[in-house]
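Subject: Structure handover

Hello,

Here is the structure for you to look through. My notes on it follow below.

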Amino acid sequence: MLDTGMPIVVPVALTAVGLSVGWTSYTRNVRDRADNARDELRSALVAYLQQVSLLRRGGAGVAAALTLPGQLLADSWAMRRIRDELDLAQKAGLMPWEGLRRFGDRIQVTELADLSAIAATAGQDGSAVVGTLLARAESLRDELLADEHSDAHRASGQMSTPGALQVFIIAAWVLYPAGTALLSTST
């Protein structure tokens, strides 16, 4: 490139543009994967909350009700992650709800902090929180469904633009030869 007489600024600028495009696309990819993982964790949290409430209704203690579903439902990565965090909390001498709160703060999932607050109330007051856990699971499920509906509507809107553009292109492709034939015969 130096033999062609091109100034050195051009390859340097192209390299800088390539680096910035690569960096931002990789960052966006990582951010999207993290958001998808958070959504998957929220979905798994609905099942977890339902299992915790069933165990509490069955008479299990708060700590047992929080740790047992993570051990039994460990077939998904989200449940394994919850189980691992509860194990870490136990090894650190913390209550299970404290482990869930720390995990929620670290990965920025506020629903885990909500669950932690509900469980801490049950652990300190001894109150029956089955209804609260089930209500939280229901509201979280409704939030997830609303998010999925809004994503579906957004995707539908994005699909209509290329469809309309395709109709115009096909119409132009069909009408152009007819229009040129009409114009050439009239002259």
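Contact here means heavy atoms within 4.5 Å. Leaving aside its neighbours within four places in sequence, Tyr 48 is in contact with Leu 66, Thr 67, Pro 69, Gly 70, Met 79, Ile 82, Leu 86, Leu 100 and Leu 115.

Before the rest, two notes on the source. This is a predicted model, in which local features need pLDDT of at least 70 and side-chain atom pairs count only at pLDDT 80 or more, while totals for chains, interfaces and linings use all residues. Residues are numbered from 1 along each chain as its sequence is written, and side-chain values use heavy atoms, with hydrogens and water left out.

The core

Tyr 48 is one of the residues that touch the most other members of the largest nonpolar core. The others named with Tyr 48 are Leu 45, Leu 66, Ile 82, Leu 100 and Leu 115, and the core holds 27 residues. A nonpolar core is a set of buried Ala, Val, Leu, Ile, Met, Phe, Trp, Tyr and Cys residues joined through side-chain atoms within 4.5 Å. Buried means under 20% relative accessible area, exposed means over 50%, and partly exposed lies in between (1.4 Å probe, protein chains only). H1, H2, helix H3 (77-91), H4, H5 and helix H6 (130-186) each supply at least two residues of this core. H1 gives the largest share, seven residues. Helices are DSSP runs (H or I, at least four residues), numbered from the N terminus.

Where H2 meets H4

The axes of helix H2 (residues 62-72) and helix H4 (residues 96-107) come within 9 Å. They cross at roughly 50 degrees. H2 and H4 are therefore oblique to each other. Axes are lines fitted to C-alpha atoms, for helices over the stretch in contact, and angles run from 0 to 180 degrees between N-to-C directions. Angles under 35 degrees count as roughly parallel, over 145 as roughly antiparallel, 65 to 115 as roughly perpendicular, and the rest as oblique. On the H2 side sit Val 62, Ala 63, Leu 66 and Thr 67; they meet Pro 96, Trp 97 and Leu 100 in H4. The residues of this contact divide into six nonpolar, one polar and no charged.

Salt bridges

The structure holds ten salt bridges. Each is a side-chain nitrogen of Lys or Arg within 4 Å of a carboxyl oxygen of Asp or Glu.

Look at Arg 42 in helix H1. Its side chain meets that of Asp 39 in a salt bridge (3.3 Å, N to O). Asp 39 and Arg 42 are three residues apart in helix H1 (residues 9-57), so about one helical turn separates them. Asp 39 is partly exposed, at 36% relative accessible area. Arg 42 counts as buried, at 17%.

Arg 42 also forms a salt bridge with Glu 111 (3.0 Å, N to O). Glu 111 lies in helix H5 (residues 110-125), so this pair ties together parts that are 69 residues apart in sequence. Both Arg 42 and Glu 111 are buried.

Another salt bridge joins Arg 101 and Glu 98 (2.2 Å, N to O). Both lie in helix H4, three residues apart, about one turn of the helix.

Regards

How values were computed: Ala, Val, Leu, Ile, Met, Phe, Trp, Tyr, Cys and Pro count as nonpolar, Asp, Glu, Lys and Arg as charged, and the others, Gly among them, as polar.
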